[in-house]
Structures are given as C-alpha cells and as structure tokens.
Amino acid sequence: MTNDVEPLAKQSARNPRRLNMRAVVIGLIEITLSILLLWVIFSHINLTNVKSRLADLTIVGAMLVGALIVLHAILSAVRWQMLISHFGGTMKLGPAISAVLIERFVNQAVPSPVGGDGARFVELMRNGQNMRVGAYSIVIDRLFALGGIFGVVTITLPLAPWVIKSEHIFNSILAIAVVPVVSIAILALVRHRWWERLRKLPLLHYTIGLVMRIRDVVITPRKFIVLACLSVLVQMLPILCFLILAWDLRVPLMAADAAVIVPFIVLAGVLPISVAGWGVREGAAVVLMSQVNMAATDAVSLSVLYGLITLVTSCLGGIVWLMTH
C-alpha cells in the first residue's frame with residue numbers, strides 16, 4: 001500500500017512560509033469574527049441579567065457538567081483507539097486519552113481545530129505510530145465525531161415537528177438527518193472497483209483514498225456499529241450538560257426540546273469559523289432556543305456557561321501536556 005501522507009508532508013516542507021502566513025491570516029479572521037459575533041449578540045442583551053444568571057450556577061452543577069465533558073473526551077479516545085487498531089496501529093488507552101485531552105486544550109487556545117489535531121498527531125508520533133495510520137485515524141475520527149452529531153439529529157427527528165416552529169429550521173434539520181443515511185448507503189453499496197477507478201484520477205487520488213478507508217470501516221459491521229453507537233452516545237452528553245445547566249439556573253428547558261436543539265448548537269460550535277466556537281455557538285443558541293420561547297438572555301447564559309466549563313475542563317489537557325513533556 002502506498003503512503004498517501006508523505007507527499008503532502010513534503011509539499012508542506014517546501015512551502016513553510018506560505019503555510020505559516022496562511023495560518024496567521026485564517027487565525028486573525030476567525031478571532032475577528034468571534035469578537036464581532038459576540039459584540040453583536042451582547043449588544044442586544046442585558047448584560048446585567050446575564051451576569052446574574054451566571055452567578056446562579058452552583059458548584060455541584062458545574063462539577064457535573066465538567067465530569068460529563070471529561071467523559072466526552074474519554075469516550076472519544078476509546079473511539080479513536082479503535083480506529084487506530086483497525087488501521088493496523090497499536091496505542092494504549094492511557095496515551096490516547098492524554099492525546100485527546102491535549103487536543104481539547106490546544107483547540108481552546110488556537111483559532112482552528114487543525115491545531116488540536118496536529119497536537120494529537122504529534123502525540124501519536126511520540127508513541128511510535130506510522131504516519132499514515134496516524135493521519136487517517138485522526139481525520140476519520142473527526143468525521144465520526146461529526147457523524148455522531150448528525151446521528152443524534154436523525155434519532156431525534158420525530159420530536160422536531162413538536163419543537164421547531166420555523167419551517168426553514170425544520171427543513172434544515174430534515175436535510176441534516178438524511179446526510180448520515182445517504183452517506184452510509186453510498187459507501188456500502190458502491191463497489192470497491194468503482195472507488196479504485198475514481199482514485200486513479202489525479203485530483204481525486206488522496207480524497208478517494210480517504211473515502212476507501214472510511215468504507216473499509218463501514219463494511220465491517222460489528223466494528224462500525226460499535227463506533228457509530230459510541231459516536232452518538234458521545235454527542236448526547238452535551239444535551240445532558242445543557243439540561244443540568246438549565247435546571248441549575250432555573251431556566252425552563254424540556255428534555256425533548258434540548259434533544260432536538262442542543263445538537264445544532266454543538267454543530268455550530270464546531271464549525272471552523274471562530275475561536276473554540278465562541279460567538280457562533282451563542283448566536284445559534286439564541287436563534288434555536290427562541291423556538292421554545294426561551295429568552296435570549298437565558299439562551300446566551302446557557303451557551304456561555306457551557307463554553308466556560310469546557311474551557312476550564314480543557315485545562316486538564318494543559319496539565320497533561322506539562323507532565324508528559
């Protein structure tokens with residue numbers, strides 16, 4: 001099997017200044033966008049009410065949410081370890097958890113999730129893993145994480161008509177719910193030889209190579225079912241986080257409402273257009289929570305608290321980094 005990662009690495013090595021400048025420009029754009037979005041949101045909200053809401057959070061509530069966020073990282077590490085094993089690598093659970101915690105920490109500190117994935121890749125190399133195995137396992141793990149959000153949307157789709165009042169938002173939910181079903185069907189039904197033919201096209205070689213490795217996971221039923229269920233379970237944890245925060249702040253939020261709305265708030269937060277989702281996540285919370293008649297102040301308070309607890313919890317990755325390096 002040819003190494004599909006080494007040519008990309010060589011290209012990166014040839015143009016380090018161009019890549020560094022591009023990263024700086026993208027980072028500045030994302031930082032600016034985050035600040036702009038937060039300014040727009042908070043300029044229409046009573047900050048005094050937000051501060052009073054934040055002050056209502058109890059230590060028990062914060063610790064419960066923090067524990068769920070740590071559990072999110074641990075289960076994500078288990079999924080990643082399974083993918084590494086599937087592609088022929090070997091990595092113990094402890095180092096995998098450490099790498100994921102470091103990734104979460106770096107993602108809070110840099111304006112791009114690529115930085116966190118890069119830190120995870122470095123940890124893999126330090127553990128003696130093959131470069132190709134490391135690259136494919138990280139990219140496909142990221143896709144499974146995204147697929148888990150889509151999967152939760154699909155599962156909770158029957159509740160959407162009773163929660164969502166906007167036709168445009170409901171149509172968006174319906175479209176996203178179809179994505180995992182159609183994607184899995186295409187990967188499973190299109191035969192291997194067709195993917196091989198597509199891979200021979202110059203511009204599609206690396207992309208189709210990645211698709212073929214995802215397909216290899218999909219057509220392994222037992223492993224795919226475990227990975228898919230684990231991904232869905234991981235993405236259900238933020239729903240519990242928002243429910244705990246709402247209960248702690250005495251904000252009215254039903255479980256069915258949270259099950260439909262929170263996955264979209266999380267999805268907005270993982271879009272690589274702001275620093276750690278700040279601004280985008282709060283904007284999505286205001287729009288989506290309005291569907292269940294929640295005040296903008298309460299929606300922003302829930303989102304900000306979730307982001308702050310995620311930020312504090314991610315510092316565990318910084319501690320791990322200092323201890324292991």
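Which residues are linked in a network of salt bridges? In this predicted model, the network takes in Arg79, Glu103, Arg120, Asp141 and Arg142. Let's start there and then work through the rings and the nonpolar cores.

**Around Arg120**

A search of the whole structure turns up six salt bridges. With Glu103, its closest N and O atoms are 3.4 Å apart. Arg120 belongs to helix 6 (residues 113-126) and Glu103 to helix 5 (residues 93-109), so this pair ties together parts that are 17 residues apart in sequence. Arg120 also forms a salt bridge with Asp141, and here the closest N and O atoms are 2.9 Å apart. That pair links distant parts of the chain, with Arg120 in helix 6 and Asp141 in helix 7, 21 residues apart. As for burial, Arg120 and Glu103 are both buried, and Asp141 is buried as well.

Elsewhere, the side chains of Arg281 and Glu282 meet in a salt bridge, and both residues are buried. Here are the salt bridges described so far, with their N to O distances.

| Salt bridge | N to O distance |
|---|---|
| Arg120 and Glu103 | 3.4 Å |
| Arg120 and Asp141 | 2.9 Å |
| Arg281 and Glu282 | 3.3 Å |

**Ring on ring**

How many aromatic pairs are there? The count comes to two. Phe144 and Phe224 form a tilted pair, 6.2 Å centre to centre with 55 degrees between the planes. Phe144 sits in helix 7 and Phe224 in helix 12, 80 residues apart, and the pair links these distant parts of the chain. Both of these Phe residues, Phe144 and Phe224, are buried.

Then there's Phe242 with Tyr306: the ring centres are 5.1 Å apart and the planes are at 35 degrees, so this pair is tilted. Phe242 lies in helix 12 and Tyr306 in helix 15, so the pair ties together parts that are 64 residues apart in sequence.

**The nonpolar cores**

Now for the greasy part. The largest nonpolar core has 49 residues, and the members that touch the most others are Ile173, Ile261, Met289, Met294 and Leu302. Helices giving two or more residues to this core include helix 4 (59-86), helix 7 (131-155), helix 9 (167-189), helix 12 (221-248), helix 14 (280-289) and helix 15 (296-324). Which helix gives the largest share? That's helix 13, with ten residues.

Zoom in on Ile261 to see who its partners are. Leaving out residues up to four places away in sequence, Ile261 touches Val163, Ile164, Leu288, Met289 and Val292.

Conventions: Residues are numbered from 1 along each chain as its sequence is written. This is a predicted model: local features need pLDDT of at least 70, side-chain atom pairs count only at pLDDT 80 or more; totals for chains, interfaces and linings use all residues. Side-chain values use heavy atoms; hydrogens and water are left out. A nonpolar core is a set of buried Ala, Val, Leu, Ile, Met, Phe, Trp, Tyr and Cys residues joined through side-chain atoms within 4.5 Å. Buried means under 20% relative accessible area, exposed over 50%, partly exposed in between (1.4 Å probe, protein chains only). Helices (H or I, at least four residues) and strands (E, at least two) are DSSP runs, numbered from the N terminus. Contact means heavy atoms within 4.5 Å. Rings of Phe, Tyr and Trp (its six-membered ring) pair if their centres lie within 6.5 Å; planes under 30 degrees apart count as stacked, over 60 as edge-to-face and the rest as tilted. A salt bridge is a side-chain nitrogen of Lys or Arg within 4 Å of a carboxyl oxygen of Asp or Glu.
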